[in-house]
Amino acid sequence: MQFCRVFQNAMVGVLIANSEGPIEKCQVHENGFSGIQVNAGLQDVRLIENTLYGNGTEQMCIAGSAAPLIEGNRIHDGKEACGISCIGFAKPVIKGNEMWGHPDAHIYMRENASPMIQGNTIRDGGASGIFICDEARPTVEGNVQRRSAVWAAQNRSSRATLSMMGELRGFSALKMYGGLIKGNKLWGHPADQIVFGEDTSMMVQDNTIRDGGRKGIFVWGKARPIIENNILYGNAGDQIFVADSAEAVIQDNKIHDGKTRGIGCFGDAKGVIMDNEV
């Protein structure tokens with residue numbers, strides 16, 4: 001299916017139920033529900049260089065164990081929900097797309113979805129750039145995110161592999177067990193740049209975290225991050241702030257030119273602080 005225009009249908013624009021192959025360079029817009037829906041089990045669907053906008057729910061819905069390639073699409077200005085929704089055991093490769101203007105998340109995943117999210121530009125969102133919940137386990141690598149609110153990783157069992165190496169605006173994690181935030185540039189977020197709460201345990205490594213409106217890294221609850229080999233400067237609050245009963249390992253970081261404290265520890269916070277330049 002190539003060079004088609006699919007629009008203003010009462011329900012789904014394109015439903016891929018039991019066939020495979022490419023949908024390429026089509027315009028799919030202003031349909032009542034999803035723009036494109038890929039049903040469970042389909043492995044060789046390729047959604048390439050399409051434009052989707054103004055669809056009623058998700059622009060794309062990837063269900064069950066479907067594993068399509070989603071590459072080079074422009075996905076923007078959805079009416080109600082998200083850009084791409086991954087549910088069940090969906091495992092799409094979401095690569096090199098541009099997404100903006102969704103009132104909810106640009107990419108939303110739940111249940112046991114495990115998408116690869118690589119090299120996308122994710123900007124100007126409403127609630128979240130990427131929202132992860134339930135048992136979802138994405139790999140998020142090499143993306144650029146700007147002017148979206150936060151990355152949210154919420155609910156009891158959320159896990160992710162995060163080596164984003166992009167230009168992000170903020171990351172927030174609650175009850176997230178394992179994962180890596182590596183090689184990112186985070187700046188200018190109006191709140192805290194990175195927040196770890198409750199009993200999150202993640203590695204934060206090789207990032208540049210600067211010029212935020214509040215703290216550079218805020219650790220609270222019983223979170224147990226390892227913060228290693230980062231550069232932090234110019235944040236309005238503490239560059240690193242550890243509170244409550246959190247336990248952080250802070251080592252080999254360069255922390256300078258903050259507007260308040262370099263490292264602040266309050267309450268019953270504990271951990272290891274070693275070999276930093278402050």
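User: Which residues does Gln-239 touch, not counting residues up to four places away in sequence?

Analyst: A list of contacts shows what surrounds a residue. In this predicted model, Gln-239 touches Gly-216, Ile-217, Leu-232, Tyr-233, Gly-234, Ile-255, His-256, Asp-257, Gly-258, Arg-261 and Gly-262. Gln-239 is placed in the loop between strand E31 (231-233) and E32.

User: Is Gln-239 buried or exposed?

Analyst: The relative accessible area decides this, and a value under 20% counts as buried. Gln-239 has a relative accessible area of 0%, so it is buried.

User: How many helices and strands does the protein chain have?

Analyst: The protein chain has 0 helices and 36 strands. Of its 278 residues, 49% count as buried. The accessible surface comes to about 11200 Å², and carbon and sulfur atoms account for 48% of that surface. Among contacts in the protein chain with a separation of 6 or more, 37% join residues 24 or more positions apart.

User: Which residues touch the most other members of the largest nonpolar core?

Analyst: The general idea comes first. In soluble globular proteins, nonpolar side chains tend to be buried together. Here the largest nonpolar core has 31 residues, and Ile-16, Ile-36, Val-38, Leu-47, Ile-84 and Met-109 touch the most other members. Two or more residues of this core come from each of strand E2 (14-16), strand E5 (36-38), strand E6 (45-48), strand E8 (60-62), strand E11 (84-86), strand E14 (107-109) and strand E17 (128-132). Another core lies apart from it and has 18 residues, including Val-204, Ala-223, Ala-248 and Ile-250.

User: What is Met-109 in contact with, leaving aside its neighbours within four places in sequence?

Analyst: Met-109 is in contact with Cys-86, Pro-115, Ile-117, Ile-130, Phe-131, Ile-132, Cys-133, Ala-136 and Pro-138, once neighbours within four places in sequence are left aside.

User: How many aromatic pairs does a search of the whole structure find?

Analyst: The search finds 2 aromatic pairs. One of them is formed by Phe-218 and Phe-241.

User: What is the distance centre to centre between Phe-218 and Phe-241, and what is the angle between the planes?

Analyst: A pair of aromatic rings is described by the distance of the centres and the angle of the planes. For Phe-218 and Phe-241 the distance is 5.5 Å centre to centre, with 55° between the planes, and the pair is tilted. Phe-218 belongs to strand E29 (residues 217-219) and Phe-241 to strand E32 (residues 240-242), so the pair ties together parts that are 23 residues apart in sequence. Both Phe-218 and Phe-241 are buried. Together with Phe-266, they form one aromatic cluster.

User: Which backbone oxygen does the side chain of Asn-97 reach at 3.0 Å?

Analyst: It is the backbone oxygen of Ile-70. The side chain of Asn-97 also reaches the backbone oxygen of Lys-95, at 3.2 Å. Asn-97 is found in the loop between strand E12 (93-95) and strand E13 (98-100), and it is buried, with a relative accessible area of 2%. Leaving aside neighbours within four places in sequence, Asn-97 is in contact with Ile-70, Glu-71, Gly-72, Asn-73, Gly-119, Asn-120 and Thr-121.

User: What is the phi of Asp-244?

Analyst: Asp-244 has a phi near 60°, a positive value in a residue other than glycine. Asp-244 is in the loop between E32 and strand E33 (247-251), and at 39% relative accessibility it counts as partly exposed. Asp-252 has a positive phi of about 60° although it is not a glycine. Asp-252 is in the loop between E33 and strand E34 (254-256), and it is partly exposed, with a relative accessible area of 35%.

User: How many residues apart in sequence are Gly-41 and Pro-68?

Analyst: Separation in sequence and distance in space are read as two separate values. Gly-41 and Pro-68 are 27 residues apart in sequence and 9.8 Å apart in space, C-alpha to C-alpha. Gly-41 is found in the loop between E5 and E6. Gly-41 is partly exposed, with a relative accessible area of 36%. Leaving aside neighbours within four places in sequence, Gly-41 is in contact with Ser-65 and Ala-66.

Technical notes. Residues numbered from 1 in each chain as written. Predicted model: local features only at pLDDT ≥ 70, side-chain atom pairs only at ≥ 80, totals over all residues. Heavy atoms only, no water. Core = buried A, V, L, I, M, F, W, Y, C linked by side-chain atoms within 4.5 Å. Buried < 20%, exposed > 50% of the residue type's maximum accessible area, 1.4 Å probe, protein only. Helix = DSSP H or I, 4+ residues; strand = E, 2+ residues; numbered from the N terminus. Contact = heavy atoms within 4.5 Å. Phe/Tyr/Trp six-rings, centres within 6.5 Å; stacked < 30°, edge-to-face > 60°. Areas by Shrake-Rupley, 256 points an atom, 1.4 Å probe, with all protein chains shown as cover. Polar contact = N/O pair within 3.5 Å; in protein donor to acceptor, adjacent residues only side chain to side chain.
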